[in-house]
Amino acid sequence: MILAQALRNIFRFPSTRGHRALTPDPLERTPMRRPFIAGNWKMNLGCQDAVRLAQQIREVLGSLPDRDVAVCPTFVSLGAVAQVLEGSPIQVGGQDCARFDDGAYTGEVSATILRSTGARLVILGHSERRHVMGETDEVVRAKMGKAREHGLRPILCVGETLEEREAGRTLEVVERQVRKGLEGFGAPDLAETTVAYEPVWAIGTGKVATPEQAQEVHAAIRGWLKELGGAVGEDMRIQYGGSVKPSNVNGLMAMRDIDGALVGGASLKADDFAELVGFDLS
Ligand code: PGA
C-alpha cells in the first residue's frame, strides 16, 4: 500500500517520555502517563467503511512502542472493527454505554454487551451526549459506574460551553463535571480512567484552544485528580479534545499536563490520524 509506505517513511517515533525520563526534570510526566490518542468516529461510517478505515489505520501505524492508540466506532461496527484490530496494539472502544444492566431498555447498549464486541474502552459524558441528548452529570456518573463494574476503561469527557467560558465559569463547570463523574471512585477505578478536556466551543468548529488555554484547565483537573486519588491522580491521563489536527498536535502535546488527544474529524482519515499519532515531542 503506497499510502502506508509513504507514512512509514516520514514517521519517526521520536524521543519518548520514557527516554526523556532518564534526564531528571521536575516537569516530566510520570512514566504511567504514556501518550494516549483516541479517535472518536462519532456517527460516521457504515460497517464496510469502518472496517476499511480500521484496516488502513492498522496497516499505516504498525507497532506503537511508546504510545497508546484507540478507535471508537459506532456500536454497529464495533464487533467488525474489533476483529480487524485483534492482535494489533490499537484498542477499541464504544462512544457511550447504558446506565443500566442488560434488560428491557430498547435501543440501549449495556457495558456488558459493549465488552462482548471486544471493546475495552468507552467514551462517556461527551459534550454531544450532554448537550444534544441532554445527559446530566448524574446520568454520566451512573454510566461511569456501569463501565467500571463491567471492566471497561472510561474516558470521561468534560468541558465548558462558549457562554460559560465568556462568563468566567470554565473552572467551576469543569470541576463539577470531574467531581461528579468520578464520585465514589476509589484509586483502582481512577487508575483505569482517562479524563478528556474538550471545550465545547472547540469541538468540530476548527477553533482549537491554544496550548496555554488547554494547559490551564488541564493543570486544574490534575489538581482535582490528585485530591481525589493522591498519587493515582498524578498518574491519570488527561487528553485534550477539540479540533486536534496534525498541524496543532505537537504544540498541545508539549504541555505538561496534556497526555494525549481525543480526536473527532481528523480521526476519520487514516493518514491524518496516523500523522497525529506520530506527533513529535522532540
Ligand atoms: P473534533 O471532535 O476533533 O472533530 O473537534 C473532538 C471530539 O468531539 O471528541
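Me: Thanks! Which helix gives the most to the lining of the largest cavity?
Reply: That's H6, with three residues. Helices here are DSSP runs of H or I with at least four residues, strands are E runs of at least two, and both are numbered from the N terminus. A cavity is a set of points on a 1 Å grid over the protein atoms alone where a 1.4 Å probe fits but cannot get out, and lining residues have an atom within 4 Å of a point. Before we go on: this is a predicted model, where local features need pLDDT of at least 70, side-chain atom pairs count only at pLDDT 80 or more, and totals for chains, interfaces and linings use all residues. Residues are numbered from 1 along each chain as its sequence is written, and side-chain values use heavy atoms, with hydrogens and water left out.

Me: Good to know. What volume does the largest cavity have?
Reply: About 40 Å³, where a volume is the space filled by probe spheres set on the grid points, joined across faces, edges and corners. The structure holds one cavity of 30 Å³ or more.

Me: And which elements supply at least two residues each of its lining?
Reply: Helix H6 (127-131) and strand E5 (153-158). The lining includes His126, Ser127, Arg130, Cys157 and Glu198.

Me: What is 2.6 Å from the side chain of His126?
Reply: An oxygen atom of the ligand, and the distance is to an N or O atom of that side chain. A backbone N or O atom of Ser243 is 2.7 Å from a ligand oxygen, and a polar backbone atom of Gly264 is 2.8 Å from one. The protein covers 94% of the 280 Å² of accessible area that the ligand has on its own, by the Shrake-Rupley method with a 1.4 Å probe.

Me: One last thing: is Ala270 buried or exposed?
Reply: Ala270 is buried, with a relative accessible area of 5%; buried means under 20%, exposed over 50%, and partly exposed in between (1.4 Å probe, protein chains only). Ala270 lies in helix H14 (residues 270-277). Its C-alpha atom is separated by 9.1 Å from that of Gln55, 215 residues apart along the chain.

Terms used
A polar contact is a pair of N or O atoms within 3.5 Å; within protein, one must be able to donate a hydrogen and the other to accept it, and residues adjacent in sequence count only if both atoms are side-chain atoms. On a 1 Å grid over the protein atoms alone, a cavity is a set of points where a 1.4 Å probe fits but cannot get out, and a pocket is an open set with protein on both sides within 12 Å along at least five of seven lines; lining residues have an atom within 4 Å of a point.
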